[in-house]
Protein chains: 2
Amino acid sequence: MICVNAVKAMDAADPLAYKRGEFQLPAGKIYLDGNSLGALPLSVIDRLQATVLEQWGDDLISSWNRHGWIDLPQRVGEKIAPLIGAATGQVICCDSISVNLFKLLATALHMRPGRSVILSVEGNFPTDLYMAQGLSTLLKEQTCQLQQVSESALLDSIDESVAVLLLSHVNFRSGAILAMQAITAAAHAAGALVIWDLAHSAGALAVELDARNIDFAVGCGYKYLNGGPGAPAFIYAARRHHSAIKQPLSGWMGHRNPFAFEPQYRPGEGVQQFMCGTPPILSLAALDAALDVLADTSIEQRRQKSLALGELFVDLVMQCELADALQLQSPTQAEQRGSQLAWSHPQAYGLCQAWIEHGVTADFREPDILRVGFSPLYTSFRDIYEAVERLRAVLASGTHLDPRWQQREKVT
Amino acid sequence: MICVNAVKAMDAADPLAYKRGEFQLPAGKIYLDGNSLGALPLSVIDRLQATVLEQWGDDLISSWNRHGWIDLPQRVGEKIAPLIGAATGQVICCDSISVNLFKLLATALHMRPGRSVILSVEGNFPTDLYMAQGLSTLLKEQTCQLQQVSESALLDSIDESVAVLLLSHVNFRSGAILAMQAITAAAHAAGALVIWDLAHSAGALAVELDARNIDFAVGCGYKYLNGGPGAPAFIYAARRHHSAIKQPLSGWMGHRNPFAFEPQYRPGEGVQQFMCGTPPILSLAALDAALDVLADTSIEQRRQKSLALGELFVDLVMQCELADALQLQSPTQAEQRGSQLAWSHPQAYGLCQAWIEHGVTADFREPDILRVGFSPLYTSFRDIYEAVERLRAVLASGTHLDPRWQQREKVT
């Protein structure tokens, strides 16, 4: 039986406990949704003020050089690189994951002439599938088609028609981790490439892109990197593929010399050619400042704490009446899941909303999933204990059955 | 001979003079580059602070509903609509101009099966051409090819191979206005569509998209709309074309129900289907606040003042020794140019840099253009007088010949 004193001891022994003070967190609330939107790092506040008042306001257009706006996508990319196990010159921060997937899918098809299949798994994040569908519709079925198979059938489905696999490292719903290295090796053996979506892993668990011989990846700036709502995304491209990049969103910022205003597109060097239009500097500056908060922690520390937070949550559920109400839909082995837990419940939406009213934010995912995220930099063990206590109170009081929760809001 | 007192009288009679107080402008400097990056509206400062501290910081993920982040692209689009003569439901704010052009070019080709030509003019803004080149490379020459002709040959080049014309309303270098209505009518007569790039016109001159029977347009948030560096761009699509939209960047935010997480893409209604990934909320909120500054002024007022500023600049140049040094590359008829003037000079780059050292910011464009922009909301007639005086001082002193200006910076 885990008691509150044991939980307090966990916080006292937590080497990352001091990081909580580097975030603004709403008083009295418990936030278990950093896997949707990371909390506000205090470093962002001053940085945005300087970017707006001193840079935009005072130095205006000259800020592109004076304050390095022009190189910011590269510099932010270089800050992200060590978080995902990438050596220098392979990561750039730009656009959204969706737009970046389109660039990579087109590049991969170009690199594998004669192959037309984009292979993915059922239950992959919808926008990944939608972008593949969009490219397929544009290029016609004979040159590009999306095939989806079950996870268990994935390895057997990689044949010589497959140009590229499009996979999420951590499933957005269940949190299950795919075997990145083994799948990539199998794809390579069949002559296929792989694009990994790191939305739910970058910053939270080790991805080791270089060591695992990954081809391409995309990831999210606003989850575990805490870059703010809709923060720009990033692209990783292994150096060995740089000379083969051919991406159709060839905007001026990806040109070798954007300000020469040449009539013919000439791609920039390496990952620069993934740039397209002018980047949203305010959002990019916020992400840049947010990344500094991660700099003095290691991925091992973050992963270890995230696992411990998740295990505590599971243990607390299992030792009380919640064990009968909630069904764990994530892998039972902690090492096989990302930094989140998915629990099914017939009234999961009402449970999520009532929990929010009790001061705990998690999120709901169709059709019946209560998704609980663990951000190791600002979530305490005491938060987990308190969150479970409040969930027990919700279920005991029956407020999750409130008719208000029959109508779902657009975003949860 | 225009004297300083006459200029002071112009400011005294200016109905827009009070708007200057709604911007932060660097003390002692004159900013004639609002056509590259608009100045900082004071309204943006408070809005960003609230978006960061209260929304992101305190309300976190719930802000998507509570503070309307989810509808912000539509709401900003609706604020832009009246500035460009568009009725409701036809404008949405998202991504960059480059990305948005790709969506529209693909849509236009889809709407005109059997036609493969994207027709543009020489000297169009490079990123517009680059995006057409990117699409053409992806789709192969037989289904999509970019043709560029001289402006004078444009109308004669519209034949039955042309699917879509890709044109800038105001030329980024010379400021020359293309005859939007006549060209669109000629294109329609030949069965072609037209995409207009409003980067250098939105907010500065009347575009009247609905009245002119325009098909599609894109525009920029960070020039005359003052939305901040890299502010999101916008798309206009005439309502009559909504059922024909087929755009390949089909990300989840363009889905009819993004949070249903359906495996199949179903396009949202109307312009919503131009959305792709998650929008950068901080940059979008800044643009939203910036647009409020335009709300109590009319396009007629802004255009009239912009023309008067430009004419004053020309007159002041023509009445002094600058007339021998500078060659006007913009149309001589004020009504035929946008809100800028292009002057050629053999040492235009040095002139621009030395002028900056004398406290006047304009910009240089390859190969020999000094480009001077007029933002009617915050530029005074006295600014123009003073700027010309300082340009005379630069030329008289010869500082534009300084060897420092032989090495050009990346962005000017």
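How many residues of domain 1 of chain A are in contact with domain 2 of chain A? The count is 23 residues of domain 1, which meet 18 residues of domain 2; two residues are in contact if their C-beta atoms, placed from the backbone, lie within 7 Å. This is a predicted model, in which local features need pLDDT of at least 70 and side-chain atom pairs count only at pLDDT 80 or more, while totals for chains, interfaces and linings use all residues. Residues are numbered from 1 along each chain as its sequence is written, and chains are lettered from A and ligands numbered from 1 in the order in which they are written.

**Domains of chain A**

- Domain 1 of chain A covers 4–40 + 298–406 and domain 2 covers 68–292; the bounds come from an automatic or database domain assignment.
- The centres of the two domains, taken over C-alpha atoms, are 30 Å apart.
- On the side of domain 1 that touches domain 2, helix H9 (299–318) and strand S12 (340–344) of chain A each supply at least two residues. Helices (H or I, at least four residues) and strands (E, at least two) are DSSP runs, numbered from the N terminus.
- H9(A) gives the largest share of that side, with 4 residues.
- By class, that side of domain 1 has 7 nonpolar, 12 polar and 4 charged residues. Ala, Val, Leu, Ile, Met, Phe, Trp, Tyr, Cys and Pro count as nonpolar, Asp, Glu, Lys and Arg as charged, and the others, Gly among them, as polar.

**Arg266 of chain A**

- A:Arg266 lies in the loop between strand S10 (234–237) and helix H8 (281–292) of chain A.
- Not counting residues up to four places away in sequence, A:Arg266 touches A:His255 and A:Arg256.

**Contact between chains A and B**

- Chain B gives 73 residues to the contact and chain A gives 71.
- Elements giving two or more residues to the side of chain B include helix H2 (42–59), helix H5 (97–111) and strand S14 (363–365) of chain B.
- H6(B) supplies the largest share of that side, 10 residues.
- The side of chain B that touches chain A divides into 43 nonpolar, 21 polar and 9 charged residues.

**Nonpolar core**

- The largest nonpolar core has 289 residues, and A:Leu105, A:Val164, B:Leu105 and B:Val164 touch the most other members. Such a core is a set of buried Ala, Val, Leu, Ile, Met, Phe, Trp, Tyr and Cys residues joined through C-beta atoms within 7 Å.
- Among the residues that B:Leu105 touches, not counting those up to four places away in sequence, are B:Ile118, B:Val164 and B:Ile195.

Methods. A residue is buried if 20 or more other C-beta atoms lie within 10 Å of its own, exposed if 12 or fewer, and partly exposed in between; C-beta atoms are placed from the backbone.
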